[in-house]
Amino acid sequence: MAQLTFREAIARGIAQEMRRDESVVLLGEDVGAAGGVFKGTVGLLEEFGGVRVRDTPISEQAILGAAMGASMTGLRPIAEIMFSDFFAVCWDIVANEIAKSRYMTNGQMSFPLVIRSGNGGGLRFGAQHSQSVENWAMMIPGLKVVVPSNARDVIGLMAAAVRDPDPVIFLEAKALYASKMDVPDGEIVDTLGSAKVLRQGANATVVALGAMVPRALEAAEELSANGIDCTVVDVRSLVPLDTMTLLREVSATGRLFTVEENPRLCGWGAELVSIIADEIFYDLDGPIVRITTPHIPLPAADSLEDLAIPSVERIVTTIHKAMNS
Amino acid sequence: MYRSQFALRQFEKRAYDLFLENYVKGTSHLSIGQEAIAAGVAAAMRPTDWTFATYRGHAHTLARGVPMTPVFAELMGRTNGLMAGKGGSMHLTSVEHGVMGSYAIIGAHLPIACGAAWSAQYRGTDQVAVAFFGDGSTNIGAFHEALNLAAVWKLPVIFFCENNLWMEYTRTSEVTAVANPAADRASAYGLASIIIDGNDADEVYEVTAEAIERARAGDGPSMIEAKTYRHGGHSRADPGKYRPDEELAEWLAKDPIPRYRTRLLEAGVSEDELRAIEVEVDAEVDRATEEAKLGGVPGEDLLLKDVWADGGGAWRN
Ligand SMILES: Cc1ncc(C[n+]2csc(CCOP(=O)(O)OP(=O)(O)O)c2C)c(N)n1
Ligand SMILES: [Mg+2]
């Protein structure tokens with residue numbers, strides 16, 4: 001057991017897979033000597049050398065194009081897009097090329113690659129370096145989308161993503177990079193498409209993702225002091241989506257609250273709500289409530305950013321109000 | 001290479017007829033007039049090398065040895081198509097022949113070809129990737145990103161520009177800062193400026209073979225700009241009327257296929273031999289057309305297939 005930060009867990013997760021499999025390579029801007037702008041790849045160049053850990057030019061299309069071409073010919077690249085907002089300059093490669101080519105070629109090609117990216121707000125970086133884009137990725141057929149919420153899951157889900165034969169978008173909540181937890185020693189391998197129930201309660205089910213998970217847990221603690229007992233589920237993987245666990249946990253309490261960092265429209269919670277409405281409508285005991293960032297570009301000032309992204313306080317008051325009305 | 005060029009021509013002509021007969025739906029982009037390039041490059045490649053083609057990719061796919069029947073069938077949207085009808089004319093792919101996809105977003109496949117070349121370099125095979133693209137495609141960012149990456153990583157990749165003077169309906173020179181859209185950019189990436197006659201299959205073959213040799217030897221990428229012309233319009237329904245008659249006439253006179261035929265006759269190949277090739281190819285086109293038409297209509301069993309590597313399309317449990 002060792003205490004690890006979220007960012008250290010990224011390097012450990014990648015190293016675990018690179019030691020195991022020669023075909024795993026890492027590429028991106030500043031991932032080598034600099035150890036990544038978020039220090040998520042520290043030590044990898046030293047351990048694996050410049051042939052496997054490659055610094056790239058500032059060419060996001062080239063980074064992802066290279067990852068795609070390498071993956072279709074036998075490598076398992078892990079590519080970094082520094083900030084997930086930058087997906088906008090290489091989205092063709094993601095949405096048109098990587099996501100569609102297996103289907104279009106009737107299964108002739110495989111793209112076992114992982115695209116890691118720093119996602120979301122909390123660092124006061126302003127609108128072009130802070131958006132939570134998990135919903136962009138989730139809506140594209142052919143992409144798997146994974147969002148860990150803690151250091152242990154970073155390692156386990158990274159291993160699962162690298163070993164998966166399909167392309168995986170791996171979103172790292174920037175707000176969590178400095179968070180710490182005790183992580184078991186040795187190999188950790190998780191499975192994609194498995195949500196995790198972190199807390200069990202009788203009154204309401206709170207479903208959260210990424211940086212919203214610790215906030216949902218903290219809110220649940222506060223609410224339980226006020227007599228509202230919440231289940232908290234960490235979605236972990238948007239595609240594949242563990243609807244079995246989610247439906248079961250929502251049925252059990254009859255109430256659903258989603259906590260989403262993405263801007264409101266077409267957030268992942270909206271899809272979940274539609275599934276719940278379709279399949280377990282009669283198990284619900286009250287309205288479904290989505291707690292999201294408003295539909296705005298994210299502001300830079302700390303006061304405004306804190307107002308925009310769901311806070312523990314907003315989660316508590318929203319749930320409290322809904323449960324008592 | 002005469003046979004190959006002639007087969008590409010006859011295939012494309014038949015594809016056009018099938019479009020008129022409504023067997024081929026959607027869109028398609030023919031290479032009539034540009035066959036010397038696909039044929040010459042393919043002749044310089046090994047079966048283990050990789051091609052990355054564009055939406056104008058029937059010729060490039062066939063030239064690597066993919067049989068005509070599955071290509072016709074793919075254009076017709078049949079189950080015996082190269083991708084069982086799931087890709088269509090613009091996405092012809094045959095991994096077993098090294099045809100690593102045909103890409104319909106301008107420029108996208110150039111960085112992807114770099115990735116394949118990187119993988120060959122990493123694994124120490126001596127495979128080479130060739131990416132075809134048009135003159136108009138030199139103005140998109142992916143082109144420049146790919147060239148720079150290939151140059152700094154010394155990747156075994158050949159960037160092959162088929163300069164047919166036109167984008168869709170706009171003359172590329174009207175919207176491009178330099179006269180030779182690929183070759184004049186080469187020096188920006190430390191590459192030699194190579195301009196060739198794209199209507200001469202022998203020249204295409206020789207220059208490509210040298211570039212491939214350099215790539216295999218670890219000497220990095222090359223870019224080749226081949227001057228050529230499409231005889232028809234941009235895509236299926238385009239009569240190409242925006243082009244001046246004299247320009248078309250000038251290029252029809254440089255048609256690569258009669259040119260190559262004359263060259264062979266002058267070199268002592270007999271008329272009978274050439275006729276025999278032509279008769280054989282025509283019979284193959286007829287046979288492939290009929291075989292393709294026999295294919296089934298893809299149904300629901302294919303709809304959700306192969307989104308994922310497990311063969312299915314499930315995004316939830
Ligand atoms: C990103 C993108 N922009 C525009 C198009 C539409 N488009 C398809 S082909 C084409 C012309 C391309 O010209 P060129 O590169 O010279 O190739 P050619 O068709 O002449 O072979 C255009 C603009 C596209 N497919 N992708
Ligand atoms: Mg052109």
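This is a predicted model: local features need pLDDT of at least 70, side-chain atom pairs count only at pLDDT 80 or more; totals for chains, interfaces and linings use all residues.
Two packed helices are described by the angle between their axes and the distance between the axes. In chain B, helix α2 (residues 35-44) packs on helix α8 (residues 201-216). The angle is about 40°, and the axes are 8 Å apart. α2(B) is therefore oblique to α8(B). Their crossing is right-handed. On the α2(B) side, the contact is made by Ala36(B), Ile37(B), Gly40(B), Val41(B), Ala43(B) and Ala44(B). On the α8(B) side, Ala201(B), Val204(B), Tyr205(B), Thr208(B), Ala209(B) and Ile212(B) take part. By class, the residues of this contact are 10 nonpolar and 2 polar, with no charged residue.

Gln5(B) itself lies in helix α1 (residues 2-20) of chain B. Its relative accessible area is 0%, so Gln5(B) is buried. Gln5(B) and Ala201(B) are 196 residues apart along the chain. Their C-alpha atoms, however, are separated by 8.4 Å.

Helix α8 (residues 243-253) of chain A packs against helix α9 (residues 268-279) of chain A. Here the angle is about 65°, and the axes lie 11 Å apart. The crossing of α8(A) and α9(A) is right-handed. From α8(A), the contacting residues are Thr243(A), Leu246(A), Leu247(A) and Val250(A). They meet Leu272(A), Ile275(A), Ile276(A) and Glu279(A) of α9(A). This contact of α8(A) with α9(A) comprises 6 nonpolar residues, 1 polar and 1 charged.

The cysteines were examined for disulfides. A disulfide is a covalent bond between the sulfur atoms of two cysteines. The count over all chains is 0 disulfides. For Cys114(B), the closest cysteine sulfur is in Cys90(A), 15 Å away. That is too far for a bond, because a disulfide requires sulfur atoms within 2.5 Å. Cys114(B) is buried, with a relative accessible area of 0%. Cys266(A), in contrast, is exposed, at a relative accessible area of 58%.

Note on methods:
Residues are numbered from 1 along each chain as its sequence is written. Chains are lettered from A and ligands numbered from 1 in the order in which they are written. Side-chain values use heavy atoms; hydrogens and water are left out. Axes are lines fitted to C-alpha atoms, for helices over the stretch in contact, and angles run from 0 to 180 degrees between N-to-C directions. Helices (H or I, at least four residues) and strands (E, at least two) are DSSP runs, numbered from the N terminus. Angles under 35 degrees count as roughly parallel, over 145 as roughly antiparallel, 65 to 115 as roughly perpendicular and the rest as oblique. A crossing is left-handed if the near helix is turned anticlockwise from the far one by less than a right angle, and right-handed if clockwise. Contact means heavy atoms within 4.5 Å. Ala, Val, Leu, Ile, Met, Phe, Trp, Tyr, Cys and Pro count as nonpolar, Asp, Glu, Lys and Arg as charged, and the others, Gly among them, as polar. Buried means under 20% relative accessible area, exposed over 50%, partly exposed in between (1.4 Å probe, protein chains only).
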